[in-house]
Amino acid sequence: MKLNYKLQGDGQPIVFLHGVFGSLDNLNMLAKDFVQHYQTIQVDLRNHGNSPWSDQISYQAMAEDVAELCHDLRLNDVILIGHSMGGKVALQLSQVISDTIQKIVAIDIAPIKYHRSANAAILRVLVYCLKNHITDKKQIMNLMEQASINMPTILFLLKSFKNEKWSFNIQAINDQYGHICDWQTIPPWLKPTLFIRGGNSSYIIDEFYPAIFSQFPDSKIELIEGAGHNVHAEKTQQVLKILHSWLGN
């Protein structure tokens, strides 16, 4: 699948991969810093942004999409930076184009299977709006508030609602959400991997460390206190400081 992407700058390539319900702009606060010294490639994953839609959403399929893009752009010594679902895509790419990748950064995600409950309320509202052809933004916001979805999340979701249409594939995401939560244990990948953990998030907890180190033995885990799941947006400067230090610049 040919993915939509935004390429800027020159130098060693960094590929940025967003989370579910997102788009290539979601990691812009990081990309705009790195573009000064790197070539940055921000990607819309399948069923998101301006990339094609598909009924299939598995990590193997999404990784193969990104691998095709890396091949088309003739990228080498790639650094992957992915958040949440995009972090799992980055981790899966270690099995698809291992020789092409130099380092991987996974932001607030671990190589484990998660429970479906995390985004259940969001999916219920989105599917309800889709089935009932609800396209009024105020009505959508009210429904989300009634479902106890917090305002930062509502505003994040509505970034993908333009001209009375969602830019992500609600039906496919809902149907395939089990695959998004899932993870198949992979053989150890021996290159450097960085996991950035939000202190207020449950996506990476101490109990997940064995799964991280068994699959990514050369890992470092950095904890950012006071940050939730969207740690890169909440604590941008701290994340950038960690990234630059770990990358050696």
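Predicted model: local features only at pLDDT ≥ 70, side-chain atom pairs only at ≥ 80, totals over all residues.
Is isoleucine 104 buried or exposed? With a relative accessible area of 0%, isoleucine 104 is buried.

Isoleucine 104 belongs to strand β5, which covers residues 101-107. Setting aside residues up to four places away in sequence, isoleucine 104 touches Leu80, Ala90, Leu91, Ser94, Trp189, Pro192, Thr193, Leu194 and Trp246.

Follow the chain onward and you come to aspartate 108, in the loop between β5 and α4. Aspartate 108 is not a glycine, yet its phi is positive, at about 50°. Because its relative accessibility is 0%, and under 20% counts as buried, aspartate 108 is buried. Compare serine 148, which sits in the loop between α5 (residues 137-146) and α6. Serine 148 also has a positive phi in a residue other than glycine, here near 65°. Its relative accessible area, however, is 68%, so serine 148 is exposed.

Now turn to a pair of helices. Two packed helices are described by the angle between their axes and the distance between the axes. Helix α2 spans residues 59-72 and helix α3 spans residues 85-93; their axes come within 9 Å and cross at roughly 75°. Angles of 65 to 115 degrees count as roughly perpendicular, and α2 and α3 are therefore roughly perpendicular to each other. On the α2 side, the contact is made by Tyr59, Gln60, Met62, Ala63, Val66 and Ala67, while α3 brings Met85, Lys88, Val89, Gln92 and Leu93. Sorted by class, this contact has eight nonpolar residues, two polar residues and one charged residue.

One of these residues deserves a visit of its own. Glutamine 92 has its place in helix α3, and with a relative accessible area of 10%, glutamine 92 is buried. Leaving out residues up to four places away in sequence, glutamine 92 touches Tyr59, Gln60 and Ala63, together with Trp183 and Ile186.

How much space lies in the largest pocket? The answer is about 930 Å³. The largest pocket is lined by 39 residues, and those closest to its centre are His83, Thr153, Phe156, His229 and Asn230. Several helices take part: α3, α4 (120-131), α6 (151-158), α8 (177-181) and α10 (231-234) each supply at least two residues of the lining. Helix α6 gives the largest share, with five residues. By class, the lining of the largest pocket has 21 nonpolar, 14 polar and four charged residues.

The second largest pocket has a volume of about 240 Å³. Its lining is made of 15 residues, and to find its centre you can look for Ser23, Asp25, Lys159, Lys162 and Ser167, which lie nearest to it. By class, the lining of the second largest pocket has three nonpolar, eight polar and four charged residues.

Key. Residues numbered from 1 in each chain as written. Heavy atoms only, no water. Axes fitted to C-alpha atoms, helices over the stretch in contact; angles between N-to-C directions. Helix = DSSP H or I, 4+ residues; strand = E, 2+ residues; numbered from the N terminus. Parallel < 35°, antiparallel > 145°, perpendicular 65-115°, else oblique. Contact = heavy atoms within 4.5 Å. Nonpolar A, V, L, I, M, F, W, Y, C, P; charged D, E, K, R; others polar. 1 Å grid on protein atoms, 1.4 Å probe; cavity = no way out; pocket = protein on both sides within 12 Å on 5 of 7 lines; lining within 4 Å. Points joined across faces, edges and corners; volume = space filled by probe spheres on them. Buried < 20%, exposed > 50% of the residue type's maximum accessible area, 1.4 Å probe, protein only.
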